[in-house]
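Welcome! Please take a moment to look at the model below, and then we can walk through it together, part by part.

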Number of protein chains: 2
Amino acid sequence: MGRVASHPPVATTALPAQHSYGGVGCRQVSPARDRRGAHSHTFITFTTMHITPTLLPHVQGPADVKALIPEQLPLLAAEVRSLLLEKLSHHGGHCGPNLGMVEATIALHYVFHSPQDKIVFDVSHQSYTHKMLTGRAKAFMQADCYDDVSGYTEPSESEHDHFIIGHTSTAVSLASGLAKARDLKGEKGNVIAIVGDGSLSGGEALEGLDWAAELDSNFIVVVNDNEMSIAENHGGLYRNLADLRASHGECPNNLFRAMGLDYVYVERGNDIDALIDAFSRVKDVDHPVVVHIHTLKGKGYAPAEQDKERWHWTMPFDLATGQLTYRADGDDYNDLTARHLLRLMQSDPSLCAITAGTPGIWGWTPERRREAGNRYVDVGIAEEHAVALASGMAKAGTHPVLGLCSSFLQRTYDQLSQDLCINDSPATILVLWGSLSTMTDVTHLCHFDIPLLTGIPNLVYLAPTNKDEYLAMLDWSLTYTAHPVAIRVPVGEVAAADRPVPADFSETGKFEVVERGSDVAVIGAGNFFSLARSVCSRLQDEGLTPTLINPRFVSHIDTALLDELAATHRVVVTLEDGALTGGFGERVARHYGPTSVRTLCYGAAKEFVNRYSVPDFLQANRLTPPQVAADVLTALSEKSC
Amino acid sequence: MGRVASHPPVATTALPAQHSYGGVGCRQVSPARDRRGAHSHTFITFTTMHITPTLLPHVQGPADVKALIPEQLPLLAAEVRSLLLEKLSHHGGHCGPNLGMVEATIALHYVFHSPQDKIVFDVSHQSYTHKMLTGRAKAFMQADCYDDVSGYTEPSESEHDHFIIGHTSTAVSLASGLAKARDLKGEKGNVIAIVGDGSLSGGEALEGLDWAAELDSNFIVVVNDNEMSIAENHGGLYRNLADLRASHGECPNNLFRAMGLDYVYVERGNDIDALIDAFSRVKDVDHPVVVHIHTLKGKGYAPAEQDKERWHWTMPFDLATGQLTYRADGDDYNDLTARHLLRLMQSDPSLCAITAGTPGIWGWTPERRREAGNRYVDVGIAEEHAVALASGMAKAGTHPVLGLCSSFLQRTYDQLSQDLCINDSPATILVLWGSLSTMTDVTHLCHFDIPLLTGIPNLVYLAPTNKDEYLAMLDWSLTYTAHPVAIRVPVGEVAAADRPVPADFSETGKFEVVERGSDVAVIGAGNFFSLARSVCSRLQDEGLTPTLINPRFVSHIDTALLDELAATHRVVVTLEDGALTGGFGERVARHYGPTSVRTLCYGAAKEFVNRYSVPDFLQANRLTPPQVAADVLTALSEKSC
């Protein structure tokens, strides 16, 4: 999936949810995972054939599920699963998580009364069956309606969805707010949070479980334990989950009880009867309780059951063979990153790659993980810990390289500021997918990393414009000990340098003047350097001789150069592939504020956009060459000093 | 301490560390706390008299501690405690945490070999004894040297300090990085993280404990359990700690073992012999282990033992009586906030105050907490959960008001973005202490909340300029359902409005023009409105008629007004009491970028400053009336359009 990661699709429900990128295969390394082999799943795996739905067309909502007799529910599950696979094979999306939750979702709606009883899905990438059972089945039965629903819970779609959720580990806390509000208002009803085992390593989930025990009222947490994160799980708590599974919930030491919560175990988490029985027992419970269900990720589709990591999220595929029908050609930045780091590890024993549960998004396939050995660290979905760990390792003289997706980097601001940058630990952070053109679900926007990082003192944030510059910056960062360095990994087609690339970037904030002209200067950061070049060529067509600049740094500005330009330039343009508010361009605008130089800053407007067409979005934000060029001509034509 | 909070001292070691603000007294409410009464502390409390140190003057480092015979260590502890109280009574600082850790710190240095063995203190507000034993005793023995050391670990002071730490819950993760680096480099030595029970509710600490179990090598986590956070603990895990204490570590259910860690319990956590025995047993251990020590917060000073919350951190006091020698006169914004919310609760049953372990910083004394009952929620030190909880409660129609210190707000950026703002949940967030003039320790700077919050779409961030405007905004926020609202609570002297205050702030981004003039407009946000007024009066003295503006909003700009001003103004000044980079002023500079209007933006330069003199800092950033006025005159004198 490293390949897919570099060419992110823009169709919405085909977009990966948080941490929804795998490599191929799944390795077994820790005691927790070693014990997995011992658990006794007895579900019958079948090769899915198309089933013409007879029950689902009559399910307009949960009431229609309840109207079925128990004997009909397995058929409903088969119909749901068949439709899931049909849509996934044509459209792509989250495969393993949804296939594993079919029975549990049916049982939840059979036992509880949504929306009076409130069900909150963590990440909500496993909510497809929930959508089918709450009036949105058409979006799974008719190809022309596939995009009528998003890949996550969405209150604007249904009263059965309570939050827009896409990041991991948030559901317990959000749901506990619904429960607290219910109690303050003297209302009744069950509040149910569904959280996967992979999400339990995230700090917010652990904070939420800890506090939930303080609720002196109904609160149900369903822990969907499929023994997997996106890749294998990492963390000591997973040994406890393994012990709980092995003992059918009876082992004396119990993480959930240790957090003050009542506990129920369900071994047959894909058995509707067992689930209905368990949910019925906790329904209307007067205190917080965890229902730990043991499910099979990818349940019902042999390839997904066998290769859980690869099938966590998938592009369109051939249902019969499991082969992707989508093919990305050529190299990509994620794959080359892992290859490059592996090469460097051969000569640098202190180089260590760190991921927070998302190896696939930067090329760390299981084979490469094995090859890296103890120089590859997956901390689980725990970005806060990942940054602090990297800081400690850098302080102690090793070379940690932490790869984080722009959207998930948001989960660790304080650690970047306090643990890393105040301590000035020389770690390298690779910011992946930072762009307006990668993920377009509102919960996965990769727009905000420049504003977030560039406000933090000490941090050097580089935005390379091509492959050679990127690798030169990465190599340099491993030798640089003055400050932490973040690098915004380019997105899209891998392009070689068309001009010499330096090996040293120690002169913080030093911009590269690619073409020197007059009147107008266009500064294009990172991915948008190519946009800057296009703008310049249009301006040249108009008889102008624009100055073209690659700033290299988005965390600092080249004040000496900017002051020098002021003498011969009337207009300076900044282009950044991200949110405009708080970003790079505003630094330039502030610097020129006291002068007569006119500044035009381009980037994304301050708004949460969802499931957008990238070309339309760029157009709406005037981020196309003709639009920028037109604005420049207008600015130049105005009376100026 | 609410009173103190409104007049934050600027002397460094007198500054509160994270969550280091108490109210008065400590109530017992939860099962966890009820059980506390049962624990059998048998330490002898003594009233401290001054002891002339005979051993400590000879302790230049840990080797000198090791050179003592065990029988001398209790005397060393008595000398340390006497000096701690002596300095604290004159200087202020963290009292309870340091008094409770005297014996454990002596035992650590007696058993381990710092700095080869690396000791990392969480928050590090309990590291005073460590400083005394590592060559810095003079800073506790000589009044004129009190400020030679900071109140936290500081690598620039000593090779025995490994990180600058001030925020909670970070030590386990940072230390695990030292351990991982040690292993990669094939080095030896113990790595020890010291973390308090109060810090365990923080997500980063839980992420760190979970991952630490993956270390297949030496790693020691000392859990200093004094049964308290700053105030009482909240969260289900504290019931497990109570069970562990009650069973002397023998109860079958064990949070730490459930996270995959080995475990040792020490009931007599203020008994040097018991501690030396326990630390000797785990020294050079080949796997991760938790040493759970039961200590007495405030140990050795009767008032601090009896009223742990009030004595967590203290201003200077009379050693004999425990009475503060520091008196703050008049009302303060923190105290009036809690009083106001309590009044509102009488007519609004759905109003709920939420704190993340810091009730004292916004006036929530134990008495007021009792009065608020179930409308007061302390989630423990868990800012991420606090924001998600507030979002859920707001979504369900109640009125949560979350109070967070600017510095600790940083710990929950992603929850603000994802859980709160994407869902547009109409919660109210009170940002406390946001200013360049409150906390001056580098780990506690309150400079960054404007850049952090104003980049998040949907969030309305208000900056009131006086008490009446503040309370009007707070009242309005509880009726506003369109978006989440954050309010930057004013700092310093409480001032009444000198002009009419509206009751409705629904017109997002609408600035208040206080005085309308021409040529130059001065926009002073929040606390800096008074600075703007002073600047204007100086400009008036120069014969100018400046326009004076209170923007009210820092999250939005009044583009209509700014465009209107462009016709009659050549210079526009922005003043904000925080970091300049990514802040409010840059929005204005960008807006005017394409025009001939000159903009001058004022705020703090992008840097981590530490233990600074506020007046000097303001001067260095040209944040005084004469400096700003002079710059304006210069700008106006330049040739312009």
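What follows is a tour from the pair of chains down to single residues.

This is a predicted model, in which local features need pLDDT of at least 70 and side-chain atom pairs count only at pLDDT 80 or more, while totals for chains, interfaces and linings use all residues. Residues are numbered from 1 along each chain as its sequence is written, chains are lettered from A and ligands numbered from 1 in the order in which they are written, and side-chain values use heavy atoms, with hydrogens and water left out.

Let us begin with the two chains. Two copies of a chain are related by a rotation about an axis and a shift along it. The same surface serves both copies, and 99% of the contact residues of chain A recur in chain B. Contact means heavy atoms within 4.5 Å. By this count, chain A brings 107 residues to the contact and chain B brings 106 residues. About 8800 Å² is buried between chain A and chain B, with carbon and sulfur atoms giving 57% of this area. Buried area is the accessible area (1.4 Å probe) that two parts lose on being put together, summed over both. A:Glu207, A:Arg590 and A:Phe608 supply 8% of the area that chain A buries against chain B, more than any other three residues.

Next, look inside chain A for a sheet. Helices (H or I, at least four residues) and strands (E, at least two) are DSSP runs, numbered from the N terminus. Five strands form an open sheet in the order S2-S3-S4-S6-S5 of chain A, with parallel pairing; two strands pair if DSSP finds at least two bridges between them. Strand S2 (118-121) and strand S5 (262-266) of chain A are the edge strands, each pairing on one side only. From one strand to the next, the twist averages 20°. Helix H11 (residues 237-246) of chain A packs on the sheet, where it touches S4, S5 and S6 of chain A, and its direction makes about 75° with that of S6(A). Such angles run from 0 to 180 degrees between N-to-C directions, with axes being lines fitted to C-alpha atoms, for helices over the stretch in contact. Within the sheet, strand S4 (residues 219-225) and strand S6 (residues 288-294) of chain A run parallel and are joined by seven bridges.

Now move to chain B and its helix H21 (residues 467-477). Is this helix mostly covered or uncovered? It is mostly covered, with eight of the eleven residues of H21(B) buried, where buried means under 20% relative accessible area, exposed over 50% and partly exposed in between (1.4 Å probe, protein chains only). Among the buried residues are B:Tyr470, B:Leu474 and B:Trp476. The buried residues of H21(B) pack against several elements of chain B, including helix H15 (333-347), strand S14 (512-515) and strand S16 (547-550). At the start of H21(B), B:Asn466 has a side-chain oxygen within 3.1 Å of the backbone nitrogen of B:Asp468.

Helix H15 of chain B holds B:Thr337, a buried residue with a relative accessible area of 0%. Beyond its neighbours within four places in sequence, B:Thr337 is in contact with B:Trp362, B:Leu430 and B:Tyr470.

Strand S16(B) is covered on both faces: B:Thr547 and B:Ile549 are buried on one side, and B:Leu548 and B:Asn550 on the other. S14(B) and S16(B) run antiparallel and are joined by three bridges, with B:Glu512 having B:Asn550 as its bridge partner. Strand S15 (residues 519-524) of chain B pairs with S16(B) in the parallel sense over three bridges, and here B:Ala521 has B:Thr547 as its bridge partner.

Finally, return to chain A, where A:Val520 lies in strand S15 (residues 519-524). A:Val520 counts as buried, at 0% relative accessibility. The C-alpha atom of A:Val520 is separated by 9.0 Å from that of A:Leu565, 45 residues apart along the chain.

Note on methods. Polar contact = N/O pair within 3.5 Å; in protein donor to acceptor, adjacent residues only side chain to side chain.
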